[in-house]
Amino acid sequence: MHESAKKEMKWIYEEIVGRIPPFSMLSYQYSILLQLFFLLVIGLILGFIFNLGTISLLYGSLAILVAVSWSLLILQLGPTLRKFRAPLSKDENELLEQYKGILFHRNHYEAIPGLAIFITFMLYLFYYGPNLLESWLGKNPHILLLLFVSLLIWDICYRMGLGLWTSVLALWRSLRLKKLSEKRTELEHTPYTELRSLRRLDINNAFFGIISLLLIPLLQTDRLLVTIIFTFMVFVTLISAVSAYIVSKVPWLPPDIYNLVNESSFAYIGVSFKGVTHVTPVVYVFDGQEIFFNTSKESKKLKIMQKNNKVAFLIDKRDMSNIYENKAVMFTGVVKIYGLRDVPLQLKQMLEVRKLFIKKYPEYTRKYSTSELPRAWQLTPIIARILVEVKPAKIIYWRGAKQISVPV
Amino acid sequence: MIFPDEMRNILYGNYFGYVCTSDRHDQPHLTPVFFVYDEHSRKIFFITNDRSKKVRNISENPNVSITIDIRDPVNPFNNEGVMAQGKARITEKAPIYFMSEETLQLYYDIYMEFKSKYQQVIENKPLGENDVIVQINIEKMVYWRGPHFKSVRIDAEGKII
């Protein structure tokens, strides 16, 4: 995407708000809080002038709260995608450009679902609506109140439309991305950080769906509308959760490195404390997403990692007959050391990793389990053998004598 | 005094070493290297590019470690290796006319050592323009075979204890 197009990655709402002072002078979170405050103040003033009941003020405040929470969630899309680094795969890059192109289209397609919802709802409210308006504002409300409520309804409907728009697009994008990722060659991939932010946006959208439940008290007198809100909630939350799940299954390593990590048996772990380094071989497993290794509770490296969790982790394939066939990958980053306190939440993962170890190193597991070994070497999970996860921040890959830095 | 036989066997019998350096923020860095061990000076030598991350790290923090090992994917009891820890020194790089005789001799000796050890790999490739020799002064060495460990230190007088 060109620079000029990049700047335009805004929705109608973002664009309008971005131009009106004082909102234009604030960062977007503060600008949203300020909007909440303005709407609340206007609503309260109108409420007092026209002598509305407490329940009407509460309903109004709830609607404002929903609109503002939705804004907070959905307006993160723009800034996050603006910072997105291009994937190192032509097809995936094209897909993401296409995704952004539709999401922030010049013609503002994103407003269409919202507009459709708004028109349908207004028609329903004024022509067929059983006494919803009356339950909100009493009999024969003043035109100013009607205008204010219409504004609030527009705010809500517009964002509902955005919720539908973004979650459906996200699902489409995730499905395509997963499919394209299966056709990668060599070093093609979408960096981990970018995959993680896509997932975070999808999770945000799932919360977006859940927040719609707050609208139910406002619509409680109308069965049909409650059902619609409920359906909306299930639809948006489910679609976003599925999309987040699919993104989490897209490999974050390019195929060359993925295969090396998947096929190799040994790794080296380098640690450092107060400048003194330490390097030893370890056995490890890779579940397609995360890398784990095992170490003895008594080991020196564990003691060092507990003081400084920065590590370098190297996996290689060595071949003396042809150095051009040598491959190595080094991850630098930090480690997460699993302990007893992780059992309640991470037990499933810990057991799965243990299963991977048994599958990858059957002999090791058998031999480590014998009681002739020193206690610290025995494979008693958690107690004597400590599980460690490598969390890479940087990847260096060597093929033959060539060094390539791969974005994470 | 020399290192115990099992350690020397590993140092002489293997082609790959894994060098760990770390920068001033204690961020480790790891690379595979070709190396030679010199019994007389009890040093490990490797050749690297003077722009590499490890050279930058060594200039910030000379403490390095190197692991050389034999790995058996089936039986962990056959795993055997050494890890040496010590201070690294980068031999100064200068146009050949300005090098001290001692450095020149060292470059020559090490290059010949490398050539004989890695003959099939480096063939007749000369030292590159940016290549520097790094020497590790071994201060401590750990040896393992399966679950058994042995470690030695070199004291201030150069004795192995």
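**Notes on the two-chain model**

1. Start with where the chains meet: 32 residues of chain A are in contact with 29 residues of chain B. Keep in mind that this is a predicted model. On the chain B side, strands S1 (16-22), S2 (28-38), S4 and S5 each put in at least two residues. Sorted by class, that side of chain B has 15 nonpolar residues, eleven polar ones and three charged ones.

2. Chain A comes in two parts, domain 1 (3-248) and domain 2 (255-406). Their C-alpha centres are 43 Å apart. The contact between them uses four residues from domain 1 of chain A and four residues from domain 2 of chain A. On the domain 1 side, the residues that touch domain 2 split into one nonpolar, one polar and two charged.

3. The largest nonpolar core has 115 residues, and the members that touch the most others are A:Phe313, A:Leu314, B:Ile44 and B:Val82. Helix H9 (residues 143-181) of chain A gives the most to this core, 14 residues. Domain 1 (3-248) and domain 2 (255-406) of chain A both contribute residues, so the core lies between them.

4. Setting aside residues up to four places away in sequence, A:Phe313 touches A:Ala267, A:Ile269, A:Met330, A:Phe331 and A:Val390.

5. Chain B on its own has four helices and seven strands. Read from the N terminus, the order of its elements is α-β-β-β-α-β-β-α-α-β-β. Its radius of gyration is 16 Å, close to the 15 Å that the globule rule gives for 161 residues, so chain B is as compact as a globular protein of that length. Along the principal axes, the C-alpha atoms of chain B fill a box of roughly 50 × 40 × 30 Å.

6. How much of chain B is buried? Of its 161 residues, 32% count as buried. As for how the chain folds back on itself, take the contacts in chain B between residues at least 6 apart in sequence: 64% of them join residues at least 24 apart.

7. Look next at the end of chain B's strand list. Strand S6 (residues 131-145) and S7(B) pair in the antiparallel sense, with six bridges. The two strands make a hairpin with two residues between them, and B:Gly146 in the turn has a positive phi of about 55°. B:Arg145 sits opposite B:His148 in S7(B). Strand S7 (residues 148-153) of chain B is hardly covered, as the number of buried residues among its six is zero.

8. B:Asn79 belongs to the loop between strand S4 (63-70) and strand S5 (80-90) of chain B. Beyond its neighbours within four places in sequence, B:Asn79 is in contact with B:Asp69, B:Ile70, B:Arg71, B:Asp72 and B:Gly146.

9. Is B:Asn79 buried or partly exposed? It has 19 C-beta neighbours inside 10 Å. A residue needs 20 or more to count as buried, so B:Asn79 is classed as partly exposed.

Conventions. Residues are numbered from 1 along each chain as its sequence is written. Chains are lettered from A and ligands numbered from 1 in the order in which they are written. This is a predicted model: local features need pLDDT of at least 70, side-chain atom pairs count only at pLDDT 80 or more; totals for chains, interfaces and linings use all residues. Domain bounds come from an automatic or database domain assignment. Two residues are in contact if their C-beta atoms, placed from the backbone, lie within 7 Å. Ala, Val, Leu, Ile, Met, Phe, Trp, Tyr, Cys and Pro count as nonpolar, Asp, Glu, Lys and Arg as charged, and the others, Gly among them, as polar. A residue is buried if 20 or more other C-beta atoms lie within 10 Å of its own, exposed if 12 or fewer, and partly exposed in between; C-beta atoms are placed from the backbone. A nonpolar core is a set of buried Ala, Val, Leu, Ile, Met, Phe, Trp, Tyr and Cys residues joined through C-beta atoms within 7 Å. The radius of gyration is taken over C-alpha atoms; the globule rule is 2.2 Å times the number of residues to the power 0.38. Two strands pair if DSSP finds at least two bridges between them.
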